[in-house]
Structures are given as C-alpha cells and as structure tokens.
Amino acid sequence: MNIVAVVMLTIGAAGFVYRLLRGPSLPDRVVGLDGLLSVIVIGIIVAAARSSNGGITVETVLVAVFVGFVGTTALARFIERRGN
Amino acid sequence: MDTFAEVLLVLGSALAMIGGIGVVRFGDLFSRMHAAAKAPTLALILAAIGAAIEIGTLLAATTLTLVVVLQLLSSPVGAHALSRASRRQMTIAIDDVDELTSDEHSDP
C-alpha cells in the first residue's frame, strides 16, 4: 500500500517539475518550485512513517517547510521589484 | 488502526498528485496557484495524521503538529505575496475580459 503513495507522489512531483521547467513566466516557476518542495515534504513524511526511527526523521520536515516559506517570499519580493 | 494510517497516507499522496496534475493542466497563473495550494495544506495534514498514527510516539506527533501549524501559517502568506507581486505585472484576460481591472457596474 505504501508503493501506491510513492507512485502518486512521483506523478505529482513530475507535474510540478514540468511547471518548474516550462513555466512561461517567473511566477509559474515559483509555483512549481514551491509545490515541488511540498511534495518532497509529504514524501519525507510517508517515508518516515515506515522507518524505525521515524520520530527523528520527521524533524527534517520542519527545516524544509521553513526554507520553502522563506524561498517563496523572497522570490515574490524579487518579482515585485524586478518584473517577470 | 494501521490500515487507517495507511489510508490517510495514500489520501495525502493522492491530493499531492491531483495538485501536480492541475498545475500542468490549468491555463493561467492564478488557476495554477489554486491547484498548487492543495499539496501544502490538506495533503500535508492527512499525511501528517497518518504518519503520527503509524509512528506512534509523542515526539513524532508533536513535531508533526508543529509542521502542520507552521505550514498553515506560512503557505497563505507566501501565496498572497506571490499573487500580489505577479498581479501588478500581468493582465489575466479570460475571453478578452480582465475581470480584475474592468468594473462592470461603472458604466450604465
């Protein structure tokens, strides 16, 4: 049953990677990057649910969430100042 | 209870997949942001509840709760900043009508 989750996450990540590479404008690429990071976060959580020391593995997710927020906000400020 | 946790993990992954498909299929930036907002909110909540049940320690449950609260606080702020920044530099015209700038009630 876990393999179903991994396959679904792979399809979702492929969609976000497509938008990251082919997005017509810079905000489209930011949407792809942000969504890809959240898919990675869900992937880490799914992987940690099966591992023997999942309580420690899950703490890496905190860092990923914070880095994603800072990255999206910084890129939004950059777009606001520079244009796409 | 183990099966319940697995179902929650698969449901969260399915929502992430739906978000990815929507980001590919939708036509303009704000529709794509609508689809992309599925993955960091409800999908993360479902996956976190599933993992907390499956791991079963208090440390993991506390950390996952912190992750969910942080994501629910930060994701709308980031999406708002991004849409506000890009709104000022592009026009979203559906059927040649930009509904965000044209005022339908101004002219009789």
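The contact between the two chains takes 45 residues from chain A and 45 residues from chain B, where two residues are in contact if their C-beta atoms, placed from the backbone, lie within 7 Å. On the chain B side, α1 (2-25), α2 (29-36), α3 (39-55) and α4 (58-87) each supply at least two residues, and α4(B) gives the largest share, 15 residues. Here helices (H or I, at least four residues) and strands (E, at least two) are DSSP runs, numbered from the N terminus. By class, the side of chain B that touches chain A holds 29 nonpolar, 12 polar and four charged residues; Ala, Val, Leu, Ile, Met, Phe, Trp, Tyr, Cys and Pro count as nonpolar, Asp, Glu, Lys and Arg as charged, and the others, Gly among them, as polar.

This is a predicted model, in which local features need pLDDT of at least 70 and side-chain atom pairs count only at pLDDT 80 or more, while totals for chains, interfaces and linings use all residues. Residues are numbered from 1 along each chain as its sequence is written, and chains are lettered from A and ligands numbered from 1 in the order in which they are written.

Taken separately, chain A has four helices and zero strands, running α-α-α-α from the N terminus on. The radius of gyration of chain A, taken over C-alpha atoms, is 15 Å, well over the 12 Å that the globule rule gives for 84 residues, so chain A is more spread out than a compact globule; the rule is 2.2 Å times the number of residues to the power 0.38. The C-alpha trace of chain A spans about 45 × 25 × 10 Å along its principal axes. Chain B likewise comes to four helices and zero strands, and among its contacts between residues at least 6 apart in sequence, 61% join residues at least 24 apart.

Of the 84 residues in chain A, 44% are buried, and of the 108 residues of chain B, 41% count as buried; a residue is buried if 20 or more other C-beta atoms lie within 10 Å of its own, with C-beta atoms placed from the backbone.

Conventions:
Buried ≥ 20, exposed ≤ 12 C-beta atoms within 10 Å, placed from the backbone.
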